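Thanks for coming. I have one structure to go through today, so let me put it on the screen.

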Amino acid sequence: GGFTFPYSSCRLPHWPLRVSGHPILETSAESTATARPHLRRSMSGGGCSIRAIWILTPNDAVAFSRRFAVVEKRWRVAWEAEGVGKGAEMPLPADYEVAAAFANRRRREGTARGSGIRTNLSSVGLDSWVDDPITRHIISLQIDKEEGGGFMLWPVVLQKRGSYYVLVLPLVDPQSFKAFESLLKRPDCGSSAKENGNLSSILLNLPCITGAFMVANVIGDIITGDVAEPEVIVSSGPSVGGLLDSLTGSIGITARSKPSAAPVAAPVASVSSPVGAAQSDSLKGGIRPFDKELLRSFIIGAMPFGTPQDLNYGNVSSIRTTGYSADPLPTDQKQPAWKPYLYKGRQRTLFSSLETINAALYDRDDVPDFLSVSGQLTCRAELEGLPDVSLPLTGLKTARVEVSSFHHCVQASEPTGNKQSLLFQPPLGNFVLMHYQAPCNIDPPVKGFYQLSMVSENEGAFLFKLRLMEGYKSPFLMEFCMVTMPFPRRRVASYDGNPSVGTVSMTEHLIEWRIVSSGRGLSGRSIEATFSGTVRFHPRTTQRVNSSFRSATTTAFAEDSDCEQDITKNGANLDDYLMEKMNKDLQAVDLEEPLSWQAYNYAKVSFKIVGGTLSGLIIDPRSVTIYPSVKAPVEYSMQASSGDYILWNTLGKCPSAALPKEL
Amino acid sequence: MDEALPGLLADVLGHAYALASAERSPAAQSYILLLASAARGAVRLGRLGSSASILAVSGPPVPFSVPAHLLSSPPPLASAAPPSEQNVREIRKVLALVMERPQVLTPAAAMEVTAIVAEVATAVLEWAPAIAAHVKVQFSGMAYSSSPMLLHSVLTLFAKFPDAFGAEDERKMARRLASAACEAHRPLPVRLLVLHWLLGSGRFRDSVPGLAKWFYPGMFDPLALKAKKLDCLGFVAATVDSDKVEGGSYGQQTTEFIDDGLVCVSAFRWLPAWSTETSVAFRALHRVLVGAAPHGTNDKGCSGAGELLNSTTFHHFQAMLVDMASEHRSLVPVIADFINRLLACTTHRWVGEQLLRTFDECLLPRLEPGYQLASYYPLFEKIAQNEAVPQLRLIELLTKQMVCLAKKHDPDTELKSWSQGSKVVGICRIMLKHHHSSHIFLPLTHLLVRTIESFPDLEIRDHARYL
């Protein structure tokens, strides 16, 4: 990218600590200054190049590493411009040094990611000293040299995937590096965004960090095998496959159907997600070895000499195996880099609206329910040549669409009132044309309440009263619906009670109520489902678990036992008393979690609905136009499924969030 | 090779141009990148200033012909001559080709191209100011992309071509960033990054207060995002509060922002003090304070100290902390740590002291002697350590506590009263060490005498500790 020019005769004065010298902030003043072209060259400016990539195992061993000599040379040259020998003092460390530095960081910060917030354990020079959650994702490593004279490696973009840690080190300009270094060493109580040299302005100035995130992301996908394309549903038959199918299809092989375990049809996996979140990382993936050769060849294709050019796994791997298409282009245009082949065969276009609804239902007068829909419009355009597809969107205002963003092939018009038109040259395979956020514009698909009250320390009485699909007419169809009561900190011994509809099962830590099961969908009518009963738990055994925040403060709270009160004597609520007692062992959750799930009693609802959208945003397949014009059918399907759809125990504590007032 | 040996292709820019304009296969992107990189090399070498055309070619490109400038050591100085008219035209031609259709590029390549375009265009902007508008037209649509790389690239252009993007563009862009953080499909680090970008640029800061509604943390936002959104709300509160001093009419809005924001982590009041919610809540409080009175550039001054003291925010803060401390004893150590953090900072020491004075005035009168008072000892120690805080109320409370302990003292509670009593004595010791005024001498003597009377063996055991 626009990096310090190696043989510039004129350099910016040394920068440290003075924001007046901050490249990105000062441009406005500078651009009007007299033109000494090379003055501006010293700005970091943009672009993304990667110095090195490491993949570490949970045991702090390096499983994979890749360095880019060309980028390293630019790093050295940039530092030489700063002063003699500086570049040589900070060479890329050896694998074992990185592993040791990472292990050392884990020791100093408490966890591999660090706390991200300044605690009692933080001290000058640690990432958590900076007191920003992003330092869990952009970390610094202290490389110790045996002969003395260690140095800092920054910014290392960290991503945990499966049980591996992916570390990506982009090239940054010396000024930004020094700015961060001085931030780490500031002795004060922590800076605000209003101060000079703050973390935000450093990050704004470094697009390479953003690029490194995307690199880490795709590498994570590859090592966990999570490289499937976004889903596109065909109303008749199974979901359709991705880019490879487009290729095989074009040479006469019929499209494979996807394995039946499509992401949306995995209620079991999604149920467990909010429960015991701290463990979720270790459940995913395991220490499965990954294909290093595959990764190596991807890196060569995706980021030749360290500069990312195409981070789409499907594209890069198909170009690598099959090369570019040799077809003559129908028109005089340039073939996009993200469309290495042209489709050949029966022509059609598929669109799918896939929505996920998050809900917090309270059934309380003082707390309003919260519902929000996050949707995507996916597309698969099996069209020959390089046609332009135009798709007018209507009803944006009616659906109260709050935010939308588009695939990079899309040119979107400025939205006017209810309308916006999208023009795009579709890539091969399935892609997400558009993402959007909207409120739920019809009644929630599952309404009602959940109550749980402890009648003794090991026994609770519960009651569900739910109404499903009220106000939903055909073609809306609820394919399945399941309610789970998780008890991550108790072991369920047994339960009593029969639901008015559906079946119930239990495992060690949860009770599961299947109201509508797959294959027996609910359409054209609404049902009421009630379930009351009791649940009995095994007596509790106390377990104490350490966490990054806990260890910082445990000593300070030892005192409290001195003045514990006997709440039960005062006739206070038994539920509150038990909860408070249990919370003494509560583990601090990771910053990636929305809340301390385990501190609450709730039921989680999982469902899938087809035949419509909850936001009300739909497209009209007849309004899709293709240029040059072809006769190709346009198919459209809709599906909504639950994300975090929570019924908070009406009788217990519940989390909430304030809604903005109209300002 | 051009990356490794910058300027390698500067002399054959004409060939690179021909190749890039002729290529129609998917490899066209690579040729565009090559042309862009070669053009940047030419600009950096000062070729625009020469009278020769930068696109002129002499014969076919010859493999392995190394340009002279790469061989000379030290490298030649770049010419600072203004670009020739012809070369301004030619570089515009190159830029026009490079920027022709950003949609055909992958996001990664588009990031590289925008970086180069920004550098090259900036170099000739003075002679061809229209380029800035062209750049804006071609690239600003990327702001609405799902790809964070494209979004960040547009921001780079904002910084490089300030005149091309007006106040309205700034407002739109700021709104775009604030709303992008609310898009659930984006990975968490990206959602955090966009808020950093928003706060990181001086150009968007004026728009931030108007975006408050986007910063309300969502129920299911990860705690990291809640923390960052609270930063933004704190920023809004601080900005609005300082405006108010100048005659605005925001009234209670600032404190509403803080209260509303904290609802999403309100469980910190009853969750154990080590919970993540607690950390996020107290971090937010700290940010609001520091946002209102930032650290000075020279490690000494603190801008906005006076304003902060008189601000609604600060009064609200004091009341909030006092309520928290009196209603949720388990939060006392957290509050003590919070104050400690301020006391340890040269710039904000006075804020910490002010808060201690507030506790002295407003919290101590609310507290009753008894075993539960022990929860407050961490805070009492902070008060005792501080010369800027009056001690009489504390001594009075501790005296009452001693009386209470002595009253309850019997064989059953012996250990408890001993443990608590000696902690009180410990606080007295801290007080003696830090206060040399005769002011506290009499009441303290009174307290100690009472203590010795109630616990006759104290003097022998603890004599050494006072010295």
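I will take the chain interface, then the domains, then the aromatic pairs.

This is a predicted model, in which local features need pLDDT of at least 70, side-chain atom pairs count only at pLDDT 80 or more, and totals for chains, interfaces and linings use all residues. Residues are numbered from 1 along each chain as its sequence is written, chains are lettered from A and ligands numbered from 1 in the order written, and side-chain values use heavy atoms, without hydrogens and water.

The interface, then. With contact meaning heavy atoms within 4.5 Å, 130 residues of chain A touch 138 residues of chain B. About 11,100 Å² is buried between the two chains, and carbon and sulfur atoms give 61% of that; buried area is the accessible area (1.4 Å probe) lost on putting two parts together, summed over both.

A salt bridge here is a side-chain nitrogen of Lys or Arg within 4 Å of a carboxyl oxygen of Asp or Glu. The rule finds 7 of them across the interface of chain A and chain B. One of these links Glu414(A) to Lys172(B), with the closest N and O atoms 3.1 Å apart.

On to domains, whose bounds come from an automatic or database assignment. Chain A has domain 1 (50-224) and domain 2 (347-539 + 594-658). Their C-alpha centres lie 38 Å apart.

Last, aromatic rings. Pairs are rings of Phe, Tyr and Trp (its six-membered ring) with centres within 6.5 Å; planes under 30 degrees apart are stacked, over 60 edge-to-face, the rest tilted. Over all chains there are 30 such pairs. Among them, Phe462(A) and Phe531(A) are edge-to-face, at 4.9 Å centre to centre and 80 degrees between the planes.
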